[in-house]
Amino acid sequence: MDLDLRGKIALVAGGNKGFGEACAHRLAAEGAKLLLTARNEADLERVAAAVRVAHGTDVATFPQDLLETDGGDKAVAATLSEYGRLDVMVSSVGASGGGIFWEIPDQVWMDSFALKFMANLRMMRAAVHPMREQKSGRMVVIVGQLGVQPHPRILPSATANAALLSAVKGLADEVAGDGVIVNAVNPGPSRTERWNRLMENVARDTGQTVDEVEAGFTKDIPMGRFGEPDEIARHVCFLASEAAGYMTGTSLNVEGGWIKAPG
Ligand SMILES: NC(=O)c1ccc[n+]([C@@H]2O[C@H](COP(=O)([O-])OP(=O)(O)OC[C@H]3O[C@@H](n4cnc5c(N)ncnc54)[C@H](OP(=O)(O)O)[C@@H]3O)[C@@H](O)[C@H]2O)c1
């Protein structure tokens, strides 16, 4: 299927690592021009250079901390200044803590909402203005399967994800008449560097091997394995394209069947 993203302008928040990096490659492979934003400048430049070499497309970078209230506005302004319009906004920002419910301090909950919920929300809030003016645009927010099926030991993440899915649906309804489409992708555990680091840390803390820790997760996944970042990026590209032109306010679960309810 031709996703027809040639020449589209895509802003990828969190574009220097993990799913965001995979999305940068996949969107560029489909012909989009990119602006990547996140905090770490060296990682942004590394990904931008790799994408240019692999796909021969324009890639700009804009270092920005999305904990800043106007962080999303600045990233969108940089995209408009570079390319003059914004067709696709992908937001893949965050990381959240976990633990036993009654032992998790306020700060962990607040950090989770400050980053996972607010940073991605800021990107949506900033992107909505040019997209409404253009009467077209696609937003895809990478949220997570925990927002649909909470895990008792990862509730700061699960609750921030659930809030974000609610914002995706509400905004989608608000702007559906303006030609702006807003959706989410809910990955299950996937082999990004962050996830691999998490597995190593759990193994160190519990005295297990990494294989044993991973087996504890994969036993709950009917497909018996973790996802690959590109498997998530392909769904992001689909939602960013005309192929998904009659879908809005929804989320695609890409998690090997982990969620225990019909989708
Ligand atoms: N990997 C999984 O298994 C999995 C499963 C479900 C959901 N998710 C969700 O998917 C999203 C991406 O996860 P990932 O595994 O790809 O993680 P990752 O590789 O750590 O990517 C996170 C991205 O967010 C950026 N970021 C972090 N703090 C930021 C800040 N204050 N301002 C701006 N950018 C910031 C990071 O770049 P800088 O550090 O340079 O800023 C990085 O680009 C997260 O929301 C995560 O919760 C992941």
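How are α6 and α7 oriented to each other? The two helices pack at an angle of about 110 degrees, with their axes 8 Å apart, and α6 and α7 are therefore roughly perpendicular to each other. Angles of 65 to 115 degrees count as roughly perpendicular, under 35 as roughly parallel, over 145 as roughly antiparallel and the rest as oblique. Axes are lines fitted to C-alpha atoms, for helices over the stretch in contact, and angles run from 0 to 180 degrees between N-to-C directions.

The model is predicted: local features need pLDDT of at least 70 and side-chain atom pairs count only at pLDDT 80 or more, whereas totals for chains, interfaces and linings use all residues. Residues are numbered from 1 along each chain as its sequence is written. Helices (H or I, at least four residues) and strands (E, at least two) are DSSP runs, numbered from the N terminus.

Helix α6 spans residues 193-206, and helix α7 spans residues 210-218. On the side of α6 the contact is made by M199, E200, V202 and A203, and on the side of α7 by V210, V213 and E214. Residues are in contact if their C-beta atoms, placed from the backbone, lie within 7 Å. By class, this contact has 5 nonpolar, no polar and 2 charged residues. Here Ala, Val, Leu, Ile, Met, Phe, Trp, Tyr, Cys and Pro count as nonpolar, Asp, Glu, Lys and Arg as charged, and the others, Gly among them, as polar.

Among the residues that make the contact are G18, F19 and A22 of α1 and P229, D230 and I232 of α8. The residues of this contact divide into 10 nonpolar, 2 polar and 3 charged.

Helix α1 also contains A24. With 31 C-beta neighbours inside 10 Å, A24 counts as buried; the term requires 20 or more other C-beta atoms within 10 Å, while 12 or fewer make a residue exposed and values in between partly exposed. A24 touches V12, G15, L34, L36, V47 and V51, not counting residues up to four places away in sequence. A24 and V51 are 27 residues apart in sequence, and their C-alpha atoms are 7.2 Å apart in space. In helix α8, E231 is partly exposed, with 18 other C-beta atoms within 10 Å.

The ligand is surrounded by 29 residues, of which the closest are G18, R39, N40, G94 and G144; a residue is near a molecule if its C-beta atom, placed from the backbone, lies within 6 Å of it. Helices α1, α4 (106-134) and α6 each supply at least two residues of this shell. The shell divides into 12 nonpolar, 10 polar and 7 charged residues.

Two backbone features remain. Most residues other than glycine have a negative phi. D4, in the segment before β1 (9-13), has a positive phi near 55 degrees, and with 12 C-beta neighbours inside 10 Å it counts as exposed. K135, in the loop between α4 and β5 (137-142), has a positive phi of about 65 degrees. With 10 C-beta neighbours inside 10 Å, K135 counts as exposed.

Technical notes: Contact = placed C-beta atoms within 7 Å.
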